[in-house]
Amino acid sequence: LCDRQSFHTGAMIGIFGFLSSIFLSIAVVWYLITPGIIVLSLILSLTLAICLRRWRKGVQNTPTQEPEWLLPKRLVLPGLFFILSAILIFLLFQSRSVLVLQTPWQTIHPFYLPIFFVFTVILAMFLFSVYRTKIVLVAIIIFSFIQHLYLPLSHVLPWGGDVWRHLAVENKLISGEPELPVLFGQGKTFRNYEITKLGNYKIPDVLVVPHKYSYGQLWGTSVAIAKIFDVSLLTVNKWLVPILWSVAMPILLFRIGTLLFASKRYGLWLAGLMAFPFSWQALGSLTLPVSLGYITFFFVLSLWLEYLFNKEKSQRNLALLFATFMVFGYSLHFILIWSVIIITYGVRFILGIKHDLLRRSLAAVGFFASLWIIPVLELITKISYVPENFTLNLKQMIGQFSGWYFASAIRPHDILSGNIFFNHTPIFAFVPSLFLVWRWWMIPMMLALWGIALLGIWKAPRTTPWLVLRCLGAQVVVG
């Protein structure tokens with residue numbers, strides 16, 4: 001990714017990983033997993049990845065401009081970085097528990113957080129120093145990996161309740177049994193499908209079972225890895241996403257940042273910023289379908305953004321193909337990527353209008369409409385409901401997003417919304433630390449973060465990629 005050869009190699013690896021997970025998901029959703037299907041999926045994915053790499057070899061990388069102000073190299077930084085890495089890993093190993101816990105911080109050593117804070121400062125110094133791009137990117141990947149170790153290393157078993165539900169299905173799949181309903185096998189013919197009625201139409205149940213499409217990618221990938229490397233599904237469910245996320249997400253965000261800012265250094269800064277949202281810290285530590293879905297979403301998003309900057313039809317067709325394949329991934333990310341694509345064509349249409357008032361009016365209407373895509377879909381599918389008291393809900397949203405709720409008191413109940421940069425931990429799982437004894441500093445920090453975000457949105461170029469990402473960001477926050 002830091003030079004042309006690395007860029008094409010990384011693209012081929014990404015395409016291979018994406019396709020193999022999608023083909024395995026198709027097998028899980030419509031049929032079952034067998035050793036033959038695993039081998040066929042990998043061979044087909046590798047063949048297509050090589051072909052697609054040659055097909056898109058004419059796509060040029062974005063020219064970059066480095067910022068002029070950077071700190072000089074400090075030879076002590078790499079040494080400190082690796083020493084602290086070793087200390088943090090050692091503390092997590094020493095903290096491993098077999099007890100029933102509410103939070104990993106009940107067992108993690110109290111020195112871990114202060115040392116990790118210093119570790120974060122050192123990474124920031126890497127980001128703002130004149131080290132080579134490859135060195136800084138490797139440092140971000142190592143940092144990300146250590147950041148996401150706190151869950152898999154703090155307990156002998158995987159965290160969370162959902163993992164056991166997925167493990168049950170994966171154990172059934174690895175034994176050669178299908179997860180019903182299926183489209184093929186089990187004596188299926190056009191006469192004996194389980195049928196669902198949609199209006200006046202009758203279709204097989206398997207085509208309208210959303211959880212299989214959302215979870216199939218993780219189920220198929222986990223079973224394939226367990227079979228190929230002869231490891232237990234328990235081990236796979238502890239380590240798959242922490243390893244994959246720590247490597248893939250920094251690279252993908254680096255690529256996206258390089259495209260958006262035309263600067264490798266700014267791309268590194270975007271990759272480094274992924275360490276701060278709590279939601280990503282947790283998702284990158286848990287092997288869940290939504291976590292794997294984020295990786296595939298950002299992969300396809302990077303392909304689409306590359307098309308927007310390079311205007312290559314082959315790149316557009318590749319991104320559209322992969323966006324279609326995402327129907328066999330996590331449903332939310334399938335909706336998001338197609339929202340991005342539809343919004344792109346809407347933005348292009350609006351920008352082509354010459355009448356200023358009409359263009360601005362349509363832009364405002366389109367932006368407002370895009371905000372309600374996810375809420376409307378949730379209402380249609382009955383996942384959410386219309387709140388009776390909008391004033392109370394608005395007050396709660398402001399309290400949560402500003403940090404007021406968390407700073408003022410630790411609540412007795414769990415709060416599921418507003419957990420973007422920090423988690424509203426309930427009292428039964430709250431563990432005081434050096435940074436949480438006095439919590440009022442979170443309010444000015446959150447106000448500063450939202451202020452910087454709004455300023456960045458306002459100052460961002462009025463180009464198609466940036467306008468699309470504005471809509472996407474607002475859509476995610478509102479949804």
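How many residues apart do Arg-360 and Asp-356 lie in helix α14? They are four residues apart, about one turn of the helix.

Before the close-ups, a word on the model: it is predicted, so local features need pLDDT of at least 70, side-chain atom pairs count only at pLDDT 80 or more, and totals for chains, interfaces and linings use all residues. Residues are numbered from 1 along each chain as its sequence is written, and side-chain values use heavy atoms, with hydrogens and water left out.

**View 1. Asp-356 forms a salt bridge with Arg-359 and another with Arg-360.** A salt bridge here is a side-chain nitrogen of Lys or Arg within 4 Å of a carboxyl oxygen of Asp or Glu. The closest N and O atoms are 2.7 Å apart for Arg-359, and the N to O distance is 3.1 Å for Arg-360. Shared partners join Asp-356, Arg-359 and Arg-360 into one network. How open is this spot? Asp-356 is partly exposed at 36% relative accessible area, while Arg-360 is exposed at 57% (buried is under 20%, exposed over 50%, partly exposed in between, with a 1.4 Å probe and protein chains only).

**View 2. Asp-162 and Arg-165 meet in a salt bridge of 3.2 Å, N to O.** These two sit three residues apart in helix α6 (residues 162–174), so about one helical turn separates them. Helices are DSSP runs (H or I, at least four residues), numbered from the N terminus. Asp-162 is partly exposed at 38%, and Arg-165 is partly exposed at 41%.

**View 3. Phe-116 and Phe-143 form a tilted aromatic pair.** Their ring centres are 5.2 Å apart, with 40° between the planes. Rings of Phe, Tyr and Trp (its six-membered ring) pair if their centres lie within 6.5 Å; planes under 30 degrees apart count as stacked, over 60 as edge-to-face and the rest as tilted. Phe-116 lies in helix α4 and Phe-143 in helix α5, so the pair ties together parts 27 residues apart in sequence.

**View 4. Leu-301 is part of the largest nonpolar core, which has 99 residues.** Such a core is a set of buried Ala, Val, Leu, Ile, Met, Phe, Trp, Tyr and Cys residues joined through side-chain atoms within 4.5 Å. Helix α11 (residues 289–310) gives the largest share, 14 residues. Not counting residues up to four places away in sequence, Leu-301 touches Ile-256, Ile-337, Val-340 and Leu-472 (contact means heavy atoms within 4.5 Å).
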